[in-house]
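Okay, thanks for coming, everyone. Let me put the structure up and we'll walk through a couple of spots.

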Amino acid sequence: MAQTNTTIVQNRIQDQTIGRRGESARQNIFARSLPGAVAIVGMTLASLPALAQTQSQPSGNQPRPTATGPSSGPDTSAVAGAQQQLYTATGQNGSQVTQDSFKGSIVEGKSTGNLLDLSLDDAIQRGLRNNLGIILQGASQRNANGQRLEELQALLPTVTGAASINVQQVNLAAYGLKFPGLNPIIGPFQVVDFRAYLTQNLFNLSALQNYIAAKHNFQAAKLTAEDAHDLVVLTVGNAYLLCIADSGRIEAVTAELATSKVSLDQAVAAHEAGTSPRLDVLRAQVDYQNEEQTLISAKNQLEKDKLSLARAIGLPLDQQFRLTDLAPYAALNDVDPQASVDQALKTRKDLAASGEQVKAASAQKTSAWAYQLPVASFSGDFGDLGQTPGHSHSSYNATGQITVPILQVAKTKGQNEVAASQYEQARARLGDQAQQVNQDVRDSILDIQAAAKLVEATHSNVELATEALSEAQQRFKAGVSDNLPVSQAQSQTEQANDQYISALYQHNIAKLSLARALGAAQTNYKDYLGGK
């Protein structure tokens with residue numbers, strides 16, 4: 001009989017606590033309430049390799065492939081996905097600028113051993129100095145400049161110098177030369193030669209177009225490096241906002257834990273007074289322990305997200321720090337979508353970089369056609385030639401040359417088709433990227449508008465749920481009902497707090513995403529997060 005009663009009590013507790021939140025349930029609420037909140041983060045970073053890489057080009061008259069990449073569509077993810085992206089690597093090649101590059105950094109300094117106050121502005125400035133994505137993009141820019149200089153050399157005079165001494169003895173008989181009375185062995189004798197050589201292309205249209213293409217590719221790399229600063233602001237800002245959301249959850253759970261303790265004390269007191277059954281005490285204990293578990297998990301999540309933030313900004317991972325900015329709610333109203341799109345089309349550096357790559361592809365197309373044209377060049381040398389430096393005389397040689405391709409129809413046609421296809425690809429990608437910028441702006445504006453309404457609705461829901469919890473606690477204390485309504489009201493309060501924190505995060509990241517979509521994240525992120 002005792003065993004049967006215990007089973008009944010356990011079943012009743014299980015039935016009456018359905019809907020109570022564990023950590024996984026809180027994450028599901030967090031994810032469901034934020035669809036698309038951080039889509040711009042993954043979407044923008046995923047398209048980076050196409051903009052950051054400038055393909056290596058050979059020297060000479062051969063046409064060069066266009067260094068363009070496909071634009072990427074949106075990759076919608078929830079907050080849990082954003083947290084996962086911050087501290088998970090995909091194993092891609094770290095020598096190239098990829099999405100993972102902006103999650104890493106070069107560590108600056110050592111841990112101070114003291115607690116560091118870290119504001120959002122401090123975090124972003126550290127990221128702009130130390131983020132791996134910026135460092136690798138700077139290296140890519142220097143690589144593109146090196147390729148430009150290589151192509152420039154084909155248009156400039158090339159001067160080399162050489163000094164030689166040649167000691168020789170010749171056997172005429174070995175060459176079939178035999179003269180009666182003449183010794184076939186001549187020498188040994190020596191020749192000393194000091195000489196300078198000059199080569200210069202007088203007309204080489206293909207080489208000229210290759211240089212123009214390399215110059216546009218270099219300009220594209222510079223613009224992509226500038227665009228990387230906006231990506232760092234977006235990445236670091238997102239990591240900082242996640243930590244703020246985690247801190248908000250900890251505060252909310254701590255308050256919920258205190259409320260659960262009050263309910264537990266009431267249930268114990270009522271049971272000891274004989275006015276409440278043991279079931280109310282067990283239910284209150286389950287609620288209280290659930291809150292303790294959630295608080296442990298929330299603190300752990302904050303520490304992990306702080307590690308991800310430290311890794312993105314070059315802070316030593318053993319450096320303890322605390323966030324000083326809370327990013328409170330500030331409305332961003334009256335944003336004109338069309339005016340914002342027009343601004344983004346003018347200011348987005350990655351779009352301008354794609355435009356430069358189209359120009360590079362056009363120059364490479366011309367280079368492929370010009371490969372069939374004659375090439376005029378000059379070469380010459382001047383120096384001193386003699387048996388010794390003291391017994392020598394100046395000598396020189398000058399040669400003008402015109403080289404004309406005669407029979408290479410298949411090669412010429414193939415080069416033209418390759419260059420033409422690459423040019424069409426570059427133009428198509430530029431058009432698609434302009435549409436992507438348009439979508440980025442409009443998506444961010446829609447997210448801001450929706451998140452603003454969510455903030456208002458969830459804030460009202462928090463107030464109502466708190467009032468309902470207070471009423472339920474008073475009714476239980478007065479002995480009007482058991483504590484099941486209290487347990488249910490606590491669950492609703494927890495859910496309301498989670499949704500409110502999620503709505504605040506969504507609103508802030510949407511504003512930061514709009515700043516990125518407009519190409520103004522580095523310079524104006526404070527205006528957008530502050531409501532402008």
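Predicted model: local features only at pLDDT ≥ 70, side-chain atom pairs only at ≥ 80, totals over all residues.

Numbering runs from 1 along each chain as its sequence is written, and side-chain values use heavy atoms, with hydrogens and water left out.

So, the helices, which are DSSP runs of H or I, at least four residues, numbered from the N terminus. The axes of α6 (residues 120-130) and α8 (residues 205-272) come within 9 Å and cross at roughly 135 degrees; axes are lines fitted to C-alpha atoms over the stretch in contact, with angles from 0 to 180 degrees between N-to-C directions.

Who touches whom? On α6 we have Leu120, Ala123, Ile124, Gly127 and Leu128, and on α8 His229, Val232, Val233, Val236, Gly237 and Tyr240, with contact meaning heavy atoms within 4.5 Å. By class, that's 8 nonpolar, 3 polar and no charged residues (Ala, Val, Leu, Ile, Met, Phe, Trp, Tyr, Cys and Pro count as nonpolar, Asp, Glu, Lys and Arg as charged, the others as polar).

Now the pocket. α8 turns up again, giving 7 residues, the largest share of the lining of the largest pocket. Along with α8, α13 (484-517) supplies at least two lining residues. The classes there are 13 nonpolar, 4 polar and 2 charged.
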